[in-house]
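Here is a short briefing to read alongside the model. Have the viewer open as you go through the points.

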Amino acid sequence: MWQKLRSSLGWLRAAPAALPAAAAMERAVVRCVPSEPKLSLRFVLPDGSARHMQRDQTEPLGRALARIATNAAKGSAKAAKKSKKARAEDGAGSEAAAEVPAVQLFSRGGEAVGEEVPNAAAWEDGAVLHIGEARYRVERNPPALTELRLPRSLLAGFPVCPTVRVEFAAPQHCHFRWYRERPGPPGGDGGWEEEAAERVFTPSTALVGLRLKLRCTPGDAARRFGAPREVESSGPVEAGPGACSFDSRHLYTRRVCGDGSVRTVSYNILADTYAQTEFSRTVLYPYCAPYALELDYRQNLLKKELAGYSADLICLQEVDKSVFVDSLAPALDAFGLEGLFKIKEKQHEGLATFYRRDKFSLLSQHDIAFSEALVSDPLHKELREKLARYPLVQEKVLQRSSVLQVSVLQSTTDPSRRICVANTHLYWHPKGGNIRLIQIAVALSHIRHVACDLYPGAPVIFCGDFNSTPSSGTYSFMMSGGIAEDHEDWVSNGEEERCNMPLSHPFKLLSACGEPAYTNYVGGFHGCLDYIFIDKNVLEVEQVIPLPSHEEVTTHQALPSVSHPSDHIALVCDLKWK
């Protein structure tokens, strides 16, 4: 019976040795979610047949028990009929017909549960269901796996981060066991050999050519465990690319920095939606091996790079929605980081901000689309009126899909410390300096409202791909706090699109990583476009992680390459409160 229960219900509690004696009873598994009208009940009848019932949560318990009794009687009758037929063939006599068994539910304290009690309240965890002489312990909402998946591409020396989705459980409380394929005789199966017991597994070069298997047992904080599930890799572990451009940077970031410091990363990771085009392969990145532009390959490199920075804050740009959901969020969750995503309007990519859970908690989010905010938010009334005098520029600004992600975080060790983390990716066109100035004016006005009005005193960390070099009007505006109406960037796209207006903002900002020679290096261009701006009145730079050397960047001509997953380079620095 116990073996049938395992296969029919598909779940198992913790090892029997860890359970009390009463757990020798059969299991009745109840799934009851407040947002759903019905609960489900799974158990195996004394005759060995599995039952899966759906009952209204508001229905009186008595009706559910009556249905169980009917099912039990039918099962017994069917079993009796089979037995009678077997005895008739053997020449034996018949037996009396099966009777309807007594069915009752008892609470954890041993009292009978009234038949008028609604199902949702009656089926509590630890209750005992009696069906005739059989006894069932009720397990309400036991931990369960809803998805377990391995990446398609596995590289030796690169972390394998499974996608784990659970119900009534948490990945950090689940048990993971990794197995390597054991080579068998030609045409035979050699089975599996245990390799490690950890959530994230990094295969060694010894495993090249072998497939992996993961067994996951879902668990919760109360140390309850549900049905284990196994998944095998679709292909074998392959050889990695050798040394990567970020390996030497990881020497500076082996450990998470202390409580008073915040390691911050800003990185345009090159959206797959842009990397996987004929234009990208033949014009933008003709020097890059086609397989190195494949999403699965680049994700292997990217996850190893990001995990190796041991960061507290990671702001990413050009994040495909599917990459965030299926790859980055599960992977970085395994390294203690919580992720937030903001998609661009009418696009498949957007921004992602990750923060270390044991250092920060999320207080609030204040994301905007620039075009929408400019049109409808009273904060931008003055700018809106100025821009209305330049209809051509106004139209271009409102056509852009750029967004701003703003998250307010609070220190878990010192609640008085809050930070306003902003992340953006400004308009890309080389002649779009005037558009970027309008976008950054909207951004800074919105950030001022959050950091000064809603959370007074919260310092700002503003990360992003600003598509602006240090000689641009946008960079000058950020650093100086103002820009004159006669700045050359107001005519960046010619006289026809001139829009002269003075702008100002109240922040005292510093580029934490300075002005590197380049943060974007492709065949036809290299320059500094990415920055981490900080509030220099409150924060200071403790350490800037050196960028890869020029030799490392150009080993394969330009970026991306077989050893670097993006056409941009991550900025990494350690910040601290003054």
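Which side chains meet in a salt bridge at 2.9 Å, N to O? They are those of arginine 152 and aspartate 296, where a salt bridge means a side-chain nitrogen of Lys or Arg within 4 Å of a carboxyl oxygen of Asp or Glu.

A word on conventions: this is a predicted model, in which local features need pLDDT of at least 70 and side-chain atom pairs count only at pLDDT 80 or more, while totals for chains, interfaces and linings use all residues. Residues are numbered from 1 along each chain as its sequence is written, and side-chain values use heavy atoms, with hydrogens and water left out.

**Domains**
- The chain is assigned domain 1 (25-66 + 101-141), domain 2 (144-232) and domain 3 (246-577), with bounds from an automatic or database domain assignment.
- Taken over C-alpha atoms, the centres of domain 2 and domain 3 lie 34 Å apart.
- Domain 2 gives 16 residues to the contact and domain 3 gives 13, contact being heavy atoms within 4.5 Å.

**Interface of domain 2 and domain 3**
- About 1300 Å² is buried between the two domains, 54% of it on carbon and sulfur atoms; this is the accessible area (1.4 Å probe) that two parts lose on being put together, summed over both.
- The rule finds 4 salt bridges across the interface of domain 2 and domain 3.
- On the side of domain 2 that touches domain 3, there are 9 nonpolar, 3 polar and 4 charged residues; Ala, Val, Leu, Ile, Met, Phe, Trp, Tyr, Cys and Pro count as nonpolar, Asp, Glu, Lys and Arg as charged, and the others, Gly among them, as polar.

**Cysteines**
- The structure has 0 disulfides, a disulfide being a pair of cysteine sulfur atoms within 2.5 Å.
- Cysteine 288 has its closest cysteine sulfur in cysteine 244, 13 Å away, so the two are too far apart for a bond.
- Cysteine 288 is buried at 6% relative accessible area, and cysteine 452 is partly exposed at 37% (buried is under 20%, exposed over 50%, partly exposed in between; 1.4 Å probe, protein chains only).
- For cysteine 452, which is in no disulfide, the nearest cysteine sulfur is that of cysteine 420, at 8.8 Å.
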